[in-house]
Amino acid sequence: MLRQLRLTMDISGWIFLPWRRSMSNMKDSPPPPPPLASTFDDVIVDYEDPDYLPLPEYPVRPNEPLETRKQRLLYQSRKRGMLENDLLLSTFAAKHLQNFSAEQTAQYDQLINGVSNDWDIYYWATEVKPTPKEYDTEIMGLLKEHVKNAERVTRLRQPDLNV
């Protein structure tokens, strides 16, 4: 028992030795900044997707009825995998999807299922990054207006499905 206690004290001395040294040197210096301090000059780090990664193609559904497609898109708008897009796309779909024509529905389907990275959709919608030409459609314009939230609607949760 005494041997284990001695071993524990030796190990704790080795662990805390660098801390003791740094604390003794810091008596005259200012305190370090708090950890995880955020600044307003934060930089978004977003790397381009490498070309060598094989991305699966989204299956085309040419014979899908329009109402079935809208129901699928409503579900997919709610289950994106990142809360930011869940809130933006679910509220957008609840507001606009029922009034979309077949062509607009196809554009929305291509937008949310053709992009391999949901952060791209988020950055394009919030206008942090420029939207590529193939996704710069009428639907993307509506989504950008929705994100600006000119009506100042509170969007803290997804809309109910039964409304």
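Select Arg152 first: with a relative accessibility of 66%, this residue counts as exposed (exposed means over 50% relative accessible area, buried under 20%, and partly exposed in between, with a 1.4 Å probe and protein chains only). Arg152 belongs to the segment after H6; helices here are DSSP runs of H or I with at least four residues, numbered from the N terminus. Its phi is positive, about 60°, although Arg152 is not a glycine. Most residues other than glycine have a negative phi.

The model is predicted: local features need pLDDT of at least 70, and side-chain atom pairs count only at pLDDT 80 or more, whereas totals for chains, interfaces and linings use all residues. Residues are numbered from 1 along each chain as its sequence is written, and side-chain values use heavy atoms, with hydrogens and water left out.

Select Glu127 next, in the loop between helix H5 (118–125) and helix H6 (138–148). Glu127 also has a positive phi, near 60°. Its relative accessible area is 46%, so Glu127 is partly exposed.

**Salt bridges**

The structure holds 8 salt bridges, each being a side-chain nitrogen of Lys or Arg within 4 Å of a carboxyl oxygen of Asp or Glu. Display Lys148 and Glu145, whose side chains meet in a salt bridge at 3.4 Å, N to O. Both residues lie in helix H6, 3 residues apart, which is about one turn of the helix. Lys148 is partly exposed, at 44% relative accessible area.

Now display Asp109 and Arg69, which form a salt bridge with their closest N and O atoms 3.1 Å apart. Asp109 lies in helix H4 (residues 102–114) and Arg69 in helix H2, so this pair ties together parts that are 40 residues apart in sequence. Are these two residues buried or exposed? Asp109 is buried, with a relative accessible area of 6%, and Arg69 is buried as well, at 19%.

Move on to Lys95 and Glu151, a salt bridge in which the closest N and O atoms are 3.6 Å apart. Lys95 lies in helix H3 and Glu151 in the segment after H6, so the pair ties together parts that are 56 residues apart in sequence. Lys95 counts as partly exposed, at 42% relative accessibility.

**Helix H3**

Remain in helix H3 (residues 83–96) and select Thr91. This residue is buried, with a relative accessible area of 12%.

Select Leu55, in the loop between helix H1 (2–25) and helix H2 (66–78). Leu55 counts as exposed, at 54% relative accessibility.

Finally, select Leu55, Pro56, Glu57, Tyr58, Gln110, Asn113, Gly114, Val115 and Ser116, which line the second largest pocket. On a 1 Å grid over the protein atoms alone, a pocket is an open set of points where a 1.4 Å probe fits, with protein on both sides within 12 Å along at least five of seven lines; lining residues have an atom within 4 Å of a point. The volume of this pocket is about 230 Å³, that is, the space filled by probe spheres set on the points.

Notes:
Helices (H or I, at least four residues) and strands (E, at least two) are DSSP runs, numbered from the N terminus.
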